[in-house]
Amino acid sequence: MENSALLKAIVDHAIDGIITISDKGIIETINPSACRLFGYPENEVIGHNISMLMPTPDREQHDEYLNHYHRTAKKNIIGKGREVTGLTKYGAAFPFRLAISEVQFSGRKIYTGFIHDLSREKRAEEQLREYALHLEEQVEERTRLLTETVLALENAKEKVSRSLEKEVELGQLKSRFVSMASHEFRTPLSAIQLSSILIEKYSGECISPNIERHTAKIKHLVTHLTGILNDFLSLERLEAGEFKPVFSNFDLVKFSEEVTEDMQLMAKQNQQIIYRHTGTSAFVHLDPSLLKNAIINLISNAIKYSGEDTFIEFNTEVTPSLVTITIKDDGIGIPIDDQRHLFEAFFRAHNTGNIAGTGLGLNIVRRYVELIGGQVRFSSEVNQGTSFTLSFPTRHE
Amino acid sequence: MNEKILIIEDNDDIRESTAELLEFSGYVVSRASNGQKGVELAFQHRPDLILCDIMMPELDGYGVLHLLSKTPGTDTIPFIFLTAKAERLDLNKGMEMGADDYLTKPFDETELLKAIEGRLDKARKIKTFM
């Protein structure tokens, strides 16, 4: 019987467990794989009810299952296979796939069960489930962190917009203050100015030189204060971007001569402003009002920061491509360390001592000059003097 | 004949001092402490020139200028704004409305007299021509 030897060999070496039982449920054969799975040696199971390999409740009910089948011929498991749980000798349950077939053999009915261990698959499934759970936990954790971050960001954003709002409010407050100060200070300043003029008038021809000296001082100080107010107002309006340059054609020489004449009145004892123009043309296309302000600012600095008996050079040059304006003094100069801060608002060089000033002049000069498309440069040496140069591209219109 | 100047200004110190200063220079000065009174005086006295503040309660300088420029007889009177606002925008508005000049506070004697004489001179020339 070569065939039966082959079959035996196949059964003995099958990976799946194979058990046959009688129609009473008594184990008749068991292959080595099944023995391994359930942990019993062959002799401990053969002749015993198959229910010994089952956990509760199948263990108690298996006989009934068989009876039920014999009574009704209703196949619940036979020919189909399903997942069930087995019980080893050591009391451990393990999952396996059970396929039962009914066999007619030598005139009687036996059942063959094929047992395919599912422990590994189950473990893998379990692991997968664990991974999934872990992953879900991680996702949850990340989501929580993200939500926290978003919340923190929102808070920060709110904080920023609140401080922005505050800054805008402060800016408006500053604007209102500057505007109010400009108006409210100007009115009493006008009254002071007028009264000092009237003091001179009422004193008549024979006014005491001392009274005249003091009224002159009052008038001078009123002008000074007005200048500061104007600087504040200019800065405010420059910052608000309210200045729009108005370009027009004008004669730079005539313009500069008028400025020189006005500024000469403010000069110190024997301080001479020397004006000179180079170039065949004198016409320029710039904003005369802003340019005048810038030049007046630079010349009054030259007057302020240089001594009596000095010359202040005021030069203009018009070439086909460039308008250059230079104001040069031989005054106290600007310390090298202060030079890079020179155009900052409210900055004053360290050697200005008690010479009055707000530190706004050059800031305003640069803004004016840039508004009309020009540049400011300077060179300076302490106790040697300072030279400021404004340059504009020549425009024709 | 001395020329008549009407000064409309709500600040007492400035109005009185400016008036006194102008009287020193030989002008006949009438004073109004607000825009409403200013317009009334302008209608009654027909001054040769008006100095007028911009910021005033009741009727401001722009309102005064508007009313006077709509009325035959006062529409040709030289009109100079006095302003504590150094802002070009405000000044432009005044000039657009037909003011002849403006003085920024604080002003000195030269500025004041120069502006007044310049405007009166021009008005005189126009009168002679007509």
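**Helix pairs and a helix surface**

Mentor: This is a predicted model. In chain B, the axes of helix H2 (residues 35-45) and helix H3 (residues 61-69) come within 9 Å and cross at roughly 25°.

Trainee: Are H2(B) and H3(B) roughly parallel or roughly antiparallel to each other?

Mentor: Roughly parallel, because angles under 35 degrees count as that. H2(B) passes H3(B) in a right-handed crossing.

Trainee: Which residues meet there, between H2(B) and H3(B)?

Mentor: From H2(B), Gly35(B), Val39(B), Ala42(B) and Phe43(B). They meet Val64(B), Leu67(B) and Leu68(B) in H3(B).

Trainee: Switching to chain A. At what angle do the axes of H7(A) and H8(A) cross?

Mentor: Roughly 40°, with the axes of H7 (residues 252-264) and H8 (residues 288-304) of chain A coming within 11 Å. That makes H7(A) oblique to H8(A).

Trainee: And is the crossing of H7(A) and H8(A) left-handed or right-handed?

Mentor: Right-handed. In H7(A), Leu252(A), Phe255(A), Val259(A) and Met263(A) make the contacts, and their partners in H8(A) include Leu291(A), Ile295(A) and Ile299(A).

Trainee: New topic. What does Lys8(A) form a salt bridge with?

Mentor: With Asp12(A), where the closest N and O atoms are 2.9 Å apart. The two residues are 4 apart in helix H1 of chain A, so about one helical turn separates Lys8(A) from Asp12(A).

Trainee: How many salt bridges are there over all chains?

Mentor: The whole structure has 24.

Trainee: Which residues form the nonpolar patch on the surface?

Mentor: Leu6(A), Leu7(A) and Ile10(A), with about 310 Å² of accessible area together. Leu6(A) sits in H1 of chain A, which covers residues 2-13.

Conventions: Residues are numbered from 1 along each chain as its sequence is written. Chains are lettered from A and ligands numbered from 1 in the order in which they are written. This is a predicted model: local features need pLDDT of at least 70, side-chain atom pairs count only at pLDDT 80 or more; totals for chains, interfaces and linings use all residues. Side-chain values use heavy atoms; hydrogens and water are left out. Patches are made of residues with over 30% relative accessible area and no salt bridge: like charges are joined within 9 Å, nonpolar side chains (Val, Leu, Ile, Met, Phe, Trp, Tyr) within 5 Å. Accessible areas come from the Shrake-Rupley method with a 1.4 Å probe; for residues, only the protein chains shown count as cover. A salt bridge is a side-chain nitrogen of Lys or Arg within 4 Å of a carboxyl oxygen of Asp or Glu. Axes are lines fitted to C-alpha atoms, for helices over the stretch in contact, and angles run from 0 to 180 degrees between N-to-C directions. Angles under 35 degrees count as roughly parallel, over 145 as roughly antiparallel, 65 to 115 as roughly perpendicular and the rest as oblique. A crossing is left-handed if the near helix is turned anticlockwise from the far one by less than a right angle, and right-handed if clockwise. Contact means heavy atoms within 4.5 Å.
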